[in-house]
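The sequence and structure come first.

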Amino acid sequence: MSTTTPVPTRSAGLRNLLTRKGGNKQGHTTFVDRAALGVAGLMVLLALVGPYLAPMDPYAVDLAKSLTPPGSEHWMGTDANGRDILSRVLAGGRTTILATVAVIAVATVIGTLIGTAAALGGRIVDEILMRICDVGLSLPAIVVALGLAAAMGPSLQSAVIALAATWWPGYARLVRTLVRETRDAEFVESARVLGVSRTRLVLRHVLPNSLSALYVQTTLDVSAVMLVISGLSFVGVGAQVPASEWGAMIAASRDTAITAWWTVLFPGLAIALTAIAFNLVGDWLRVRTDPTLRTGGR
Amino acid sequence: MNTAEETPLLEARNLVKTFSGRSGTRAVNDVSFTVRRGEALGLVGESGSGKSTTARCVAGLLHPDSGQVLIAGQDVTRARGRALRATRRRIQMVFQDPYSSLNPRMTVADLVGEGMYVHGIEPDRVRRRDRTVELLETVGMGSEHLDRYPRSFSGGQRQRIAIARALAVGPDLLICDEPVASLDVSVQAQVLNLFGDLREKLGLSLLFIAHDLAVVHHLCGRVAVMNSGRVVEQGDREQVYTSPRHPYTRALLDAVPVPDPAAERARAAGRGAVHTQNHHEEKR
């Protein structure tokens, strides 16, 4: 195709992504997509300012008000210790979301480094790194987290470390495949003939054209990581008892769940909503960045 | 001065390149040729004849199994490091498919300016931009395109950008690997004329690879014909086109369709006489 439509500058790129017209197959932004983007954005905001929005002290115990149902004073009720659940959900968002982001960030960085090295470092390096990845992939996150909890004492930190340690091999695999594809592209050869240094070749030409699929994958993984972190907290090897973390809150309330539904419903809802929102955003991103759907070029 | 004229700008000596694999094909088998300053050498042959592999060996994208590539008398197949980079700069390459040879995430200014930046030719941003505008003018494009991305250009425009990118480092020789083969026919002539102009204006030498004999005839003073990894014939344009010595060259020339039926018959009667006779006998 030889379209000569004016092309957005870098700053307009995001706007273009959001407002591109066309049928749904071309990545038209539907109402659901907008809602998901909104919720995901809200959750990120929550991670930043959540604790300051909490109407009450999320740690203030008031046994006289134990298990108050939702009402005008406590919108989401109180738990067995009389703590305001709304405040705890708001404050807990930060813990859950930051832990998730930490896992994804660490796994992405390690995965990108290892994957790129495997793709560009020659056959022997590739073999060694990929076998290490195989080992990493074969370890279930929960088992590693339990082991780490036993060794370092149960804490959110050990859960995050365990998750990051088991999550990066997947990214390394993905990055390796993506970089191997780009590595042989003609524009990379063109840069080589031009005399571009190895470092610049990787940073400027190979990686920027490889990683869009990785961004989609990380967004999709937010929900998965968050569920595992909440799950680990629920089992007791993640965030510890007084901390307001969504999974830990559900775990602490499991004895009262039958008589006081609000103690588990609201943190559970928060987890489910965030997970669904990030999943939808990931899907939306995937359609948007699919090279076959890009305008211009071929 | 005298020695500079005697030493060819580019000399390929007995290049051999075998691709590993079960078949172990010798893509390039003992290929030698020279390109003198300001000269255009056309490398023709059918697809799979080893033209592109030869070009990639010369450009340094592939390491030949044996043989040498000399640039102004300096062996670049053995050189390393800084000396190699400085010499390599003198040979640049324009690729076949301008849709894949330009980094889609770089603007025209970045693409054209990159060579000047990495070689420290024009370290200053503003002056580099000025120079980029000049280069774009040289290839017939306006400065309004500077901040656009490759996807907003047509094939012909992209190829012009690719040429400007190659010219930015001030090469003496341009390797053109089928640079018009993936362009619309209407644009091919324009880009070909651009190569001709550049050769005249900048004193650029060309190693021009094509399967289209007309294209080579238009642009190159000397022609080398390749078939299954070997150069089967090499010589001046007129000599190769009018009195080809090797049967493969003859077959190649006969395969070119002639738009005038009378001329076509005349050619068949002349060069292809044996061929037609055989054909008649078969019919009988």
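## A surface leucine and its patch

A:Leu48 is part of helix α2 (residues 31-53) of chain A; helices (H or I, at least four residues) and strands (E, at least two) are DSSP runs, numbered from the N terminus. A:Leu48 is exposed, because its relative accessibility is 52%. Exposed stands for over 50% relative accessible area, buried for under 20% and partly exposed for what lies in between, with a 1.4 Å probe and protein chains only.

A:Leu48 belongs to a nonpolar surface patch of about 720 Å², together with A:Leu42, A:Val44, A:Leu45, A:Val49, A:Tyr52 and A:Leu53. Patches consist of residues with over 30% relative accessible area and no salt bridge; like charges are joined within 9 Å, and nonpolar side chains (Val, Leu, Ile, Met, Phe, Trp, Tyr) within 5 Å. A salt bridge puts a side-chain nitrogen of Lys or Arg within 4 Å of a carboxyl oxygen of Asp or Glu. Accessible areas come from the Shrake-Rupley method with a 1.4 Å probe, and for residues only the protein chains shown count as cover.

## Basis and confidence

The model is predicted: local features need pLDDT of at least 70, side-chain atom pairs count only at pLDDT 80 or more, and totals for chains, interfaces and linings use all residues. Residues are numbered from 1 along each chain as its sequence is written, chains are lettered from A and ligands numbered from 1 in the order in which they are written, and side-chain values use heavy atoms, with hydrogens and water left out.

The pLDDT, which is the predictor's confidence in each residue from 0 to 100, averages 79 in chain A, where 87% of the residues score at least 70. A contact means heavy atoms within 4.5 Å.

## The two chains

Chain A has eleven helices and zero strands. Of its 298 residues, 46% are buried. Among contacts in chain A with a separation of 6 or more, 71% are between residues 24 or more positions apart. Chain A exposes about 14,800 Å², and carbon and sulfur atoms supply 67% of this area.

Chain B has twelve helices and ten strands. Buried residues account for 50% of the 284 residues of chain B. Among contacts in chain B with a separation of 6 or more, 63% are between residues 24 or more positions apart. Chain B exposes about 13,500 Å², of which carbon and sulfur atoms supply 48%.

## Nonpolar cores

The largest nonpolar core holds 66 residues, and those with the most contacts inside it are A:Ile85, A:Val89, A:Leu163, A:Trp167, A:Val225, A:Leu232 and A:Trp246. Helix α3 (residues 85-120) of chain A gives the largest share of this core, eleven residues. A second, separate core has 49 residues, including B:Val187, B:Leu198, B:Phe208 and B:Val216. Such a core is a set of buried Ala, Val, Leu, Ile, Met, Phe, Trp, Tyr and Cys residues joined through side-chain atoms within 4.5 Å.

Leaving out residues up to four places away in sequence, A:Trp246 touches residues including A:Met43, A:Leu46, A:Val89, A:Pro267 and A:Ile271.

A:Thr100 lies in helix α3 of chain A and is buried, because its relative accessible area is 2%. Beyond four places in sequence, A:Thr100 is in contact with A:Val222, A:Val225, A:Met226 and A:Ile229. The C-alpha atoms of A:Thr100 and A:Val225 are 5.9 Å apart, although 125 residues separate them along the chain.

A:Thr108 is also in helix α3 of chain A. A:Thr108 is buried, because its relative accessible area is 16%. Outside four places in sequence, A:Thr108 touches A:Tyr171, A:Leu214 and A:Thr218.

## Positive phi in chain B

Most residues other than glycine have a negative phi. B:Asn14, in strand β1 (residues 10-18) of chain B, has a positive phi near 50°. B:Asn14 is partly exposed, because its relative accessible area is 40%.

B:Asp30 is in strand β2 (residues 26-35) of chain B, and its phi is positive at about 60°. B:Asp30 counts as partly exposed, because its relative accessibility is 39%.
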